[in-house]
Amino acid sequence: MPIVQVLTAGIGEADLRDIAVYRQRGGYKQFERALRELKPADVAQLCDASGLRGRGGAGFPTGKKWSFLPKNDSPRYLVCNCDEAEPGTFKDHMLLEETPHLVLEGMLLGAYGIGSHHAFIYIRGEFKRGYQIFMDALNQARQAGLVGKNLFGTGFDLEVTVHRGAGAYICGEETALLNSLEGKRGEPRLKPPFPAVAGLYGMPTVVNNVETLAYLVPILEKGAEWFASVGTERSKGYKIVSVSGHVQKPGNYEMALGTTVREIIEIAGGLRAGRKLMAVQPGGGSSACLFEEHLDLPYDYESVAKAGSMLGSGAFLVMDDTTDFVKAAYNLVRFFAHESCGQCTPCREGGHWLETVLERFVHGNGLRDDLDMLHKVSHQITGLNLCALGDSIEPFLASVLDRFPEQFQARVVRAPQDALAKDTVPA
Amino acid sequence: MPENSTVEQVTVTIDGVHVRVPKGTLLVEAAKQIQREIPVYCYHPKMGPAGLCRICLVEIEGMPKLQIACNTPATDGMIVHTESGKAAEGRRAVLELYLVNHPLDCPICDKGGECDLQDYAMAYGQGASRVADPKASKPKAVDLGPTIVLDEERCVVCQRCVRFDDIITGDRQLVLKDRGVRDIIATATGDPYHHNFTGNVTELCPVGALTSKTYRFKSRPWDLKRVQTSCTQCAVGCQQFVDTRVGAVQRTMSLEHDDAISDSWLCDRGRYNVGFYKDERRIVQPLYKQDGEFVQIGWDDAFALWAKAIREAQPGSVGAIGGGRLTNEEAYLLQDVFRKAGVRNLDWRAGRQRQASPGKNGGSLLALEQVDAIVEIGESPAERAPVMDLRIRKAVSRRGAKLIRVNSYESKPPSAIACTDVATIDDAIAALPPHAKRVALVWDGVDLALGKRALDAIPVGLETFAYITGEQGNARGAEAMGVHPAFGPGYASVPECGRDIDGMIADARSGKMRVLSIFGANPALHYPDGPAIAEALEKTPFVVVSELFMTQTAKAATLVLPAKGAYEKDGTTTNLAGDVLPVNAASGLEGAENALSDLEMLIGLAQALGVALPSSDELEAAVIGHLARAAESFAFGDAAFGTPRAPASDEPGLRVLVQSSIFAGGGTIAHDDRLAELEPLPEAAISVGDAKALGVEMGDYVDLHSGDRVMHDLLVEVRANVPRGTVVLIGGLPDDPANALGADAVATITNVRNALAAASGDLAGVGA
Amino acid sequence: MNAPNPPGEFADLYAQLRPQCDAIVAQYEDPRSALLPIVHLFQEHEGYVSHGATRAAAELLDLTPAVVESTVSFYTLFFRKPVGKYVLQVCRGLACTIDGADDIMAYFREKLGIGHLQTTGDGLFSYEEVECLAACDKPTCMQVNLEFVYSLTPQMIDEMIEAMRAGTYAVAPMAQTVQPGPTWSVGQDGQVSLGGKSSGGQDVSNPNNAGGLDKSGIIMLDRLILQEPRFRGRTRERLANADPDIRQVIEE
């Protein structure tokens, strides 16, 4: 079985929330070594050479993202994105609660690597427990002299601030996150300027996912080559895949990129007895489905994209033949409509329109013309918005409309006049 | 952008046409240069791109996705298509989504006919709708405050109004609430949308979501007759359109390209205070007081009586007051006729203001945006010249100027922009930013000594732009036209000075004044010493007042002449920056058919007196010529403007300061029923320190005593920006005149009544 | 309807929390960044974000109350009205849904006798169906006052509700300074009714809802113009809204 334990090492075996335990297992050694022996540029170089790509969803090469920062001494910020809310993703939640010191060490390395003296972590509001656990870890680290002024006597100052969100999926988008961190509505910003130029408080800022930053620790320890030696040509290293849905053992599994879809399903215990695989959503709610014919597809950024979907955050939702795809489509469209910040008209109005129509389908009140309309409207919303949320509606909907049209057709009502609500005026 | 002459030029091709623009120009602006309109909802030239409405999509060669023209700067060689199939399809797609929930109530929508959504749907939309489901149902008439109503269904969430409140005014009262498709425009719960500029959001709104209460369901845009004129409610002189129908002003609108004067904004006074023209209380016929009762007389009799009174009096016992609310032409004729009749007692200064022109240091309104620091002395311009105050906010919040206020005070809590409050002019100079090269001095024109000290204190080498905010729309014009005891037209010296207003009032109180002619002024309410002016008017046998309404001054007159208002006559006015601006009569106004303009009255008087009149060409030439020569020789507080009024006495107590309010006044505001609810309550604002020392709290009711005079029932406001040792009263409230306590009063607070007790009675139910 | 806190009621709490607020503000380069943590703090102590809390946050961070409300209203974890002692938030994410979350949610609704965004009459339970909670490996999951409960079964629900009623449940109840109404959703009070979904009556105590639709759906065109003036000058409105105790605290 190609499961590995890199970030997940020790989880379930030791109390990694205890700094003593974490340190005993080699924790914070990399941060200390980086401060004592490496220049920030060396850390950035390692990060770049490892081929590490953003594990939050976009898969953008992390070293490249760092390289967009201005090459001067201007103040800059590192922000760790722990606003995990992509449907089907639960890896950051686990890392935060189970191995908070690893998350923190990753942040410290990231901040050092970009030359930032103030790092933030934006924790999803619902992760109240995770927030408390991380706060404890931070306090332990502070007492141990790992956070604060003049660390290890090197003269390097680094402060860490923990910021809790308050219920908004869109804050996972990096500019919306920065707005939220600034005490504003979590609305994505107009780009340019990009955060690397003008981010938090208008200063250069890098926003990296929890898992991305955490991988810096083993990369520092074992070297960029070690990380780059696994995976595929352009999708290097390891990834935590959050497997859920109709498998026997749902959970977070860490593996090399390029493991096949079939292997992942097997890792998670395989399908339930007697059930047939209908679809896999390989990259969270924003991704199109993969099907039976993709079972041998390597799970890496390029291959999944080539198959018409995306790897995203590594949420791997397996759906068998008990799945009602009309309901599933409604569920995700409703999610995106609910979480639309409302700034851009196509996303705000289009999402709600599709939700309304799909809700009718769920109740068996679809109209014949709707099928074509669902396709066209979900497509016309795409690409017209300020951020990617509006573009997230089409992939899943279109893929299941194409694959399972009979499920939708079965919900088309025979007497169209009965389908629509008549009275919209509040009583 | 005036400084862009050195900026690199780029050439961009839009729909096959080459356009040369400064580097960085947004495509939406570049397209305007070739008369190509790219549709926008959220973008506004004064507020920049927001990138939300997504209607301005264009195709740019080499870019796979459609781009928004509002946030894409033109680069050299860029090839843009606004009408290609792809761009048209993108726009059509976005427009369809706009109409998913937008109600099709265009036939009853005030915006119908001038609605961007309607227009773009016609131009770019598809004919039929694919939406089978009912549209969202939301409140149709949300009362946002005293001026504005919101139709939530029509709102397309472009956020222009929200950004206006954020970027332009800084008041931040209007916000977006909730999220996604539930987004609504709202204020803080329980708070009305109420500041000096609310009406602008109705113009910014691309659809019929935000409407003015005064204009709702009043007219279709195509039925309106439009005239462009200058607002004369204050001395900024904002350019505006006056739209009339059925003999009445229906609304006023700002001009999109009035960058130099209004920056395309209007204050709510200028926008909404137009209902008085048709008020039934207007004086419609000359009135002559006989045995204490006014009787209507004809104009011939009025002129005859007036001329007779002047002829029978010694010229030294005749005086004329006013001019600050007249046109330049009227002001010129005023002094011309009276001077030709031998009268030297002339003064436009009916209120507190003593000087109108900043002389050699005067600056343009645009120059305000280029300064490094702005020093406000005396009363803040916030209520005296609101739209100029917006430009100050712009200079501070968007151009990095530093605002320093010297013992300044205003009726609002400290404004949304950063400012440094200092106690003395020396402190202000010390607070100037070290790199400052250009400084603006903004003075209220009241305390001559203070004005002079301020200008003198500016260090040599700093370029200074000076502004006097003043009290009347054409004070600067009246002064330049020579309605002044010491100046003739164009600030020419006169052989012998007449009496200024203080002198005339002193003469009148001692029985030496026989005839006083007051033009478009209400000194009974605005002259700083109320008891003195009351006595003067009473002791003068023949007082003539030209007015629209029975003001406090008109009531004391012998002869009241019905005058035309600013929208009913033609001429020019001079704003506080010295710009000469047109005043044009609105189309077909009814309601004052028998009123005359002050110009016509002066012609009638001249004829009755047998005084020679200039021809209209001569008049025009004189006005333009004298304005052009308007004084380069003097500065703030120059001795030519008279001696400073007596400084405050040393008696213990609170020195009374008077604060303007754009919604207070005994004339046009008091006679506009629609705005009655905006009139502030009489209040006494004191500093936090004084409140503690005196044991009064916010919301208490108090009386104010000075000698044997008393003002009753003033609501206490405790404010951080009131100077210690002073009490600030709102000037111009008809029933509670701030001048009631006398000149430079020092008052004591008496009869404190507790806020809660008061609230349980009178205030119950408000905002509960 | 729940009236805003009487003036002064939040002032005491605010004075007590002020040192914590200051410490939060000190963590950031820009004070406004402290808005979310401070509102979290206020809600922890008041159970919801009251009018007084909004005003206090605005004064502390030099924002207008409108800006604070705008921000607060964006986030679903901030309750703009009082809620029950136990806020039950069941995941309606796709992974839970294909695992039978609908049945769990139906069970909750029936058991509590309330629906989405509603509060029981005794003020004990508020129920909400929320988006994916990031615990998809243990469906159906939920949060009780933001503490996770995984792999729900009807039996677990029975025991949970029973323990909450008995006051023995392991999760601390929400602070409850004001008795909750039937719902805490502002939208559900009729500000917005979307796509024909019924939304109940108008909350006429909210000035933002004045005017509005009449019952027959005919727009009362001139209702606003005809009605009595709602506001007098700015002095009066500010007096009505000022919270003297807060002012005092801030001035000192």
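Where in chain C is the place of Arg80(C)? The place of Arg80(C) is the loop that lies between helix H4 (65-74) and strand E1 (86-91) of chain C, where helices (H or I, at least four residues) and strands (E, at least two) are DSSP runs numbered from the N terminus. This is a predicted model, in which local features need pLDDT of at least 70 and side-chain atom pairs count only at pLDDT 80 or more, while totals for chains, interfaces and linings use all residues. Residues are numbered from 1 along each chain as its sequence is written, and chains are lettered from A in the order in which they are written.

View 1. Arg80(C) is buried, because 21 other C-beta atoms lie within 10 Å (buried requires 20 or more, with C-beta atoms placed from the backbone). Not counting residues up to four places away in sequence, Arg80(C) touches Tyr48(C), Val49(C), Val72(C), Ser73(C), Trp184(C) and Val186(C), a contact being two C-beta atoms, placed from the backbone, within 7 Å.

**View 2. Packing of H5(A) and H7(A).** The contact joins His93(A), Leu96(A) and Glu97(A) of H5(A) to Arg129(A), Gly130(A), Ile133(A) and Phe134(A) of H7(A).

**View 3. Chain A against chain B.** Here 29 residues of chain A are in contact with 27 residues of chain B. The largest share of the chain A side, 9 residues, comes from H14(A).

Key
Axes are lines fitted to C-alpha atoms, for helices over the stretch in contact, and angles run from 0 to 180 degrees between N-to-C directions. A residue is buried if 20 or more other C-beta atoms lie within 10 Å of its own, exposed if 12 or fewer, and partly exposed in between; C-beta atoms are placed from the backbone.
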